[in-house]
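Visitor: Hi! Could you walk me through a structure that is new to me?

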Amino acid sequence: MSKLYLITGPAGVGKSTVSKAIAESLEKSVLLEGDEVYHHVVGSYVSPWKEGNHLEVFWKVCINIIKTYLDYGYDVVFNYIIMPENLSLLQNSFEGIDTKFIVLLVDEETILARDKERREDWQMGPRCLELLQDFKEAEYPKQNILDTSKLSVEETVKEILNQNQFQLKK
């Protein structure tokens, strides 16, 4: 049976790196980067944090893509900014699917260091600290939070794959 891995966290926490490593460790897998899907829209593009964005259609497209791959026997690793208010939509959409939901967090020193390792045009500087604080204040289920401050990518992947605490529960 196919599995779904939903990876979220603030910018610079390592969502893309960890997601790619998970997908590479699975036998038959798909890596779906939410940012890439969001940027499919070109004409009338609006940033996701601004009024008039296209998040409603984005979520519908992502859910349909994920379902299609799952139907064909692929494990799917999806990463994007998944806020608590998006979680019920995903829970309802993937009811009956073996789903793990992981909120990656780190300490302030680590996120700043990781941000500096990103391509220069992707670096966020102090803004990544604001996003980190937003995630820490959000009401995510505690069992779905993974602090990777002291974990390597390999250790993080091992935790996600081997720990049942990340199972998405209704």
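This is a predicted model: local features need pLDDT of at least 70, side-chain atom pairs count only at pLDDT 80 or more; totals for chains, interfaces and linings use all residues.

Visitor: Thanks! Where does Val76 lie?

Guide: Val76 is part of strand 3, residues 75-79. Strands here are DSSP runs of E with at least two residues, and helices are runs of H or I with at least four, numbered from the N terminus.

Visitor: Is Val76 buried or exposed?

Guide: Val76 counts as buried because its relative accessibility is 0%. Buried means under 20% relative accessible area, with a 1.4 Å probe and protein chains only.

Visitor: And how many residues of strand 3 are buried?

Guide: 5 of its 5. Asp75, Val77 and Asn79 point one way, while Val76 and Phe78 point the other.

Visitor: Why do they alternate?

Guide: In a regular strand, side chains alternate between the two faces of the sheet.

Visitor: Which strands pair with strand 3?

Guide: Strand 1 (residues 3-8) runs parallel to strand 3, joined by 4 bridges, and strand 2 (residues 29-33) pairs with strand 3 in the parallel sense over 5 bridges. Pairing takes at least two DSSP bridges.

Visitor: New topic: what does Ser19 touch?

Guide: Ser19, in helix 1 (residues 15-25), touches Ile7, Leu31, Val77 and Asn79, not counting residues up to four places away in sequence. Contact means heavy atoms within 4.5 Å.

Methods
Residues are numbered from 1 along each chain as its sequence is written. Side-chain values use heavy atoms; hydrogens and water are left out. Buried means under 20% relative accessible area, exposed over 50%, partly exposed in between (1.4 Å probe, protein chains only).
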